[in-house]
Amino acid sequence: MSQFADGETPEELSFPALCHSTNDGGEGEGLVLRNLSAWYGQAQALWGASITVDYGQFVGIVGRNGAGKSTMLRVISRLHTRAEGGLVLFGDEIMALRPEEVARRGLSMMREGGGIFEALSVEDHLMLAARLAGQRQQSSDVDEVWEWFPMLQERRDAKGGFLSGGQRKMLGLAMAFVSRPRCLLLDEPSAGLAESVTESVFLMVERLAQSNMTLVVSEQDPRWLSEADKMYELDLGRVVNETTPRTSGHGGEAVTSPS
Ligand code: ATP
């Protein structure tokens with residue numbers, strides 16, 4: 001897409017991962033969407049969707065092409081503003097806020113291939129993410145990243161402009177791990193990746209989920225969300241099902257199934 005659609009704001013405002021550090025021992029509701037609707041011009045893309053993500057939970061949003069997953073994440077990060085309904089982040093209503101204000105409250109959205117600087121090396125990106133997030137333990141976090149992603153370590157001196165799509169995605173996630181946003185949105189991390197690379201990416205997602213981060217991940221294939229605490233299915237802009245994959249195994253049992 002070359003131009004911003006009706007109601008959207010420039011994406012540069014949501015540089016991933018570089019926002020306030022988390023680990024503040026919170027609890028309760030992390031992110032709540034109440035009756036969220038969204039439009040592109042006259043066309044309605046979300047129809048009164050409601051979801052609740054508790055603090056530190058890993059929640060999946062699953063749905064086929066055009067179901068409204070990206071729109072939902074873009075509304076949450078305030079990149080898509082043509083929307084109505086309730087949107088609460090860590091207890092505060094954020095619907096009227098700008099993307100950079102939401103980022104300051106600890107929300108970060110990782111975009112496909114986004115947030116990577118052509119001229120900075122892999123290691124520079126990680127050190128920058130750690131420094132901007134004020135992490136003291138930056139070198140141990142970066143060491144852990146090397147452990148999780150040997151492929152990134154092999155390319156630690158490579159400049160962002162020379163990384164493949166999969167490597168960029170891994171670097172984006174690694175930056176999120178190091179900088180620890182309070183709430184991270186990942187829009188279809190598997191998109192465009194080989195199965196084996198996607199497996200590595202989801203190992204990192206699960207590692208992030210264990211670190212107390214409030215995580216919302218969209219995917220078309222529910223298989224990738226089998227470790228999620230909760231999964232909402234979207235169809236034609238509506239929430240049509242809610243399951244608990246991790247506790248009930250294999251795609252989870254239906255919690256609700258609105259008609
Ligand atoms: P995918 O898995 O293909 O990314 P999705 O579940 O993320 O799909 P969205 O991209 O949110 O779905 O699209 C929801 C609806 O909004 C679809 O009908 C789509 O055609 C429409 N839509 C999305 N982006 C735009 C846009 N920029 N302008 C107009 N309509 C749009």
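**Entry 1: α3 and α6**

I started with a pair of helices and found that α3 passes α6 in a right-handed crossing. A reminder to myself: this is a predicted model. Helix α3 covers residues 122-132, and its axis comes within 8 Å of that of α6, with a crossing angle of roughly 30°. Angles under 35 degrees count as roughly parallel, so I noted α3 and α6 as roughly parallel to each other.

Next I looked up who makes this contact. From α3 I listed V122, H125, L126, A129, A130 and L132. From α6 I listed L171, A174, M175, V178 and S179. Sorted by class, the contact of α3 with α6 has nine nonpolar and two polar residues, and no charged ones.

**Entry 2: α6 and α7**

I stayed with α6, residues 165-179, and turned to α7, residues 195-209. How closely do the axes of α6 and α7 come, and at what angle do they cross? They come within 10 Å and cross at roughly 10°. These two helices are therefore roughly parallel to each other as well.

On the α6 side, I wrote down G166, K169, M170, L173, A176 and F177 as the contact residues. On the α7 side, they are V197, S200, V201, M204, V205, R207 and L208. I then checked the classes: the contact of α6 with α7 has nine nonpolar, two polar and two charged residues.

**Entry 3: the sheet**

In what order do the four strands of the open sheet stand? I read the order as β2-β1-β4-β5, with antiparallel pairing. β2 and β5 (92-93) are at the edges with a single partner strand each, so one side of each has no neighbour in the sheet.

**Entry 4: β1 and its partners**

I followed β1 (residues 29-40) to β2 (residues 43-54) and found eight bridges between them, in the antiparallel sense. As one example to look at, W39 stands opposite Q44 in β2. The hairpin of β1 and β2 has two residues between the strands, and G41 there takes a positive phi near 60°.

Then I turned to β4 (residues 83-89), which pairs with β1 in the antiparallel sense over six bridges. Which residue of β4 is the bridge partner of L31? I found L89 in that place. I also picked out R34, which stands opposite G86 in β4.

**Entry 5: to keep in mind**

Methods
Residues numbered from 1 in each chain as written. Predicted model: local features only at pLDDT ≥ 70, side-chain atom pairs only at ≥ 80, totals over all residues. Axes fitted to C-alpha atoms, helices over the stretch in contact; angles between N-to-C directions. Parallel < 35°, antiparallel > 145°, perpendicular 65-115°, else oblique. Contact = placed C-beta atoms within 7 Å. Nonpolar A, V, L, I, M, F, W, Y, C, P; charged D, E, K, R; others polar. Pairing = 2+ DSSP bridges. Left-handed = near helix turned anticlockwise from the far one by under 90°.
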